Amino acid sequence: MELTLKTLGWSPFFGRQCADELARLTPYRIAEVHRDRLTGLSEAGLSEAGPPDSGLSDSGLSGSGLSGSGLPDSGTASLITPPGITTADITVGDWVLADADHRIERVLDRQTLLQRRAPGTDARNQLIAANVDVLFITTSCNDDFNTARLERYLALAHEAGCLPVIVLTKADVVEDPDTYVHDAEALAPMQVAIAINAHDPDDLAQLAGWIGVGQTAALVGSSGVGKTTILNGLTGKDFETRTIREDDAHGRHTTTARALIPTANGGWIIDTPGMRALRLHAAEEGIEQLFADIVDLAAQCRFRDCAHQGEPGCAVQAAIADGRLEADRVARWNKLRLEDLRNSETLAQARARGRSFRRMVRSVTKEKSDRTKR
Ligand SMILES: Nc1nc2c(ncn2[C@@H]2O[C@H](COP(=O)(O)OP(=O)(O)OP(=O)(O)O)[C@@H](O)[C@H]2O)c(=O)[nH]1
Ligand SMILES: [Zn+2]
């Protein structure tokens, strides 16, 4: 594929952020993030970025470590992340600006951002992927189909700013895939769901239609629903599917590197281990968007702190009573909100702890300096 800003996914949204700098700096789309180096794609070809002392600059990187990743590898050069920017600040799909010495100067604002709360009390979020246009929320037309799980992923997509498309795999093994499509599309107004056999090229073409030239998609969903099968079908690559992984005896050659992968139609798919492990994190806004109708009703309850559990003047319960609202859906909304609240509280608590610690340090330091003054 010819790499141009357009085929890489550049848009006026990014252009506006750096109109004056483009004479001096080159935009790169981040294709792979490793602990100590980054791989970026530019109009010129492929470049790697790493900290100054990573020893990359003298290693003659042309194509090294990238064979098999499916990325075009002409025009390779070493890039440098300056002090103050680490590989934790940059994620796959990001746009960065780098100077003629391949030193990254800044990360451009993201159009969309998928992230997750880092484990532990460190309140910093872990970036999963940036500038993903379409999120394929993948489930299968059988046991994996679960309304609450789908709603979680929908909230996640809303929070990130991606367009969610529900993909129902294994349509070939159920009697009536249309009932799944119907149920999935009922989850939100304007929601699109597509039932496919992930092995069928015609079905895959329906998905490809959502990833035009320069557009980026990502796949989320439980293990075994068919994400790798779809990825292989759309990119023409040969990543190991679950079945093949579990049956290593085949000794088949497979591609292991993955990140920002070009599709056969000029789009991109992001697939990283972080993406596969993605779960719901604090997503207050996403949940509000997904359940906007309930949120509107709740605003009409008599009490501002109404728990919608039998209080007088509860507009939510009233809507359930006269059939405008499904009780189960309200229950799922409550569960999701509670979960989200718990996550957010941890974050708030972590911040409060940080604040009180700094206060303590300040007061101790002050006490000391007061003492020395005396
Ligand atoms: N019949 C049928 N089988 C499918 C379909 N999609 C996937 N499979 C099979 O389901 C199994 C699991 O598919 P994978 O693509 O490895 O699933 P995955 O989501 O990538 O799984 P993880 O890598 O564990 O996240 C494989 O044996 C696939 O061939 C489908 O639409 N129809
Ligand atoms: Zn209420």
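Which residue in β5 is the bridge partner of P27?

Modeller: The bridge partner of P27 in β5 is L97. First, some ground rules. This is a predicted model, in which local features need pLDDT of at least 70 and side-chain atom pairs count only at pLDDT 80 or more, while totals for chains, interfaces and linings use all residues. Residues are numbered from 1 along each chain as its sequence is written, and chains are lettered from A and ligands numbered from 1 in the order in which they are written.

Strand β1 covers residues 26–33. β1 meets strand β5 (residues 95–98) through four bridges, and the two run antiparallel. Two strands count as paired when DSSP finds at least two bridges between them. β1 also pairs with strand β2 (residues 38–42), again antiparallel and over four bridges. There, I30 stands opposite G40. A hairpin of four residues links β1 to β2.

Is β1 buried or exposed? Seven of its eight residues are buried, so the strand is largely enclosed by the rest of the structure. A residue is buried if 20 or more other C-beta atoms lie within 10 Å of its own, exposed if 12 or fewer, and partly exposed in between, with C-beta atoms placed from the backbone.

H102 sits in the loop between β5 and β6 (104–107). Its phi is near 65°, a positive value in a residue other than glycine. Most residues other than glycine have a negative phi. H102 counts as buried, because it has 20 C-beta neighbours inside 10 Å. H308 also has a positive phi, of about 55°, although it is not a glycine. H308 lies in the loop between α9 (292–298) and α10 (315–321). It is buried too, with 20 other C-beta atoms within 10 Å.

Step back to the whole chain. It has 11 helices and 14 strands. Buried residues make up 38% of its 374 residues. It is divided into domain 1 (12–109), domain 2 (128–276) and domain 3 (284–365). Those bounds come from an automatic or database domain assignment. Domain 2 puts 10 residues in contact with seven residues of domain 3. On the domain 2 side, five of these are nonpolar, two polar and three charged. Contact means C-beta atoms, placed from the backbone, within 7 Å. Nonpolar covers Ala, Val, Leu, Ile, Met, Phe, Trp, Tyr, Cys and Pro; charged covers Asp, Glu, Lys and Arg; the others, Gly among them, are polar.

Next, strand β9 (residues 134–140). Seven of its seven residues are buried, so the rest of the structure largely encloses it. V134, F136, T138 and S140 point one way, while L135, I137 and T139 point the other. Seven bridges join β9 to β10, and these strands run parallel. F136 has V165 as its bridge partner in β10. β9 also runs parallel to strand β12 (residues 216–220), joined by four bridges.

Right-handed means that, with the strands pointing away from the viewer, the path from the first strand over the helix to the second runs clockwise. α2 (residues 147–160) has 14 residues and reaches 20 Å from its first C-alpha to its last, close to the 20 Å expected at 1.5 Å a residue. That expected span is 1.5 Å times one less than the number of residues. Of those 14 residues, 11 are buried, so α2 is largely enclosed. Among them are Y153, L156 and H158. Just after the helix, G161 takes a positive phi of about 95°.

The chain then carries on. Strand β10 (residues 163–169) is joined to strand β11 (residues 192–195) by four bridges, again in parallel. The path from β10 through α3 to β11 is a right-handed β-α-β crossover. L168 has A195 as its bridge partner in β11. Helix α3 (residues 177–185) includes D178. D178 is partly exposed, with 14 other C-beta atoms within 10 Å.

Technical notes:
Contact = placed C-beta atoms within 7 Å.
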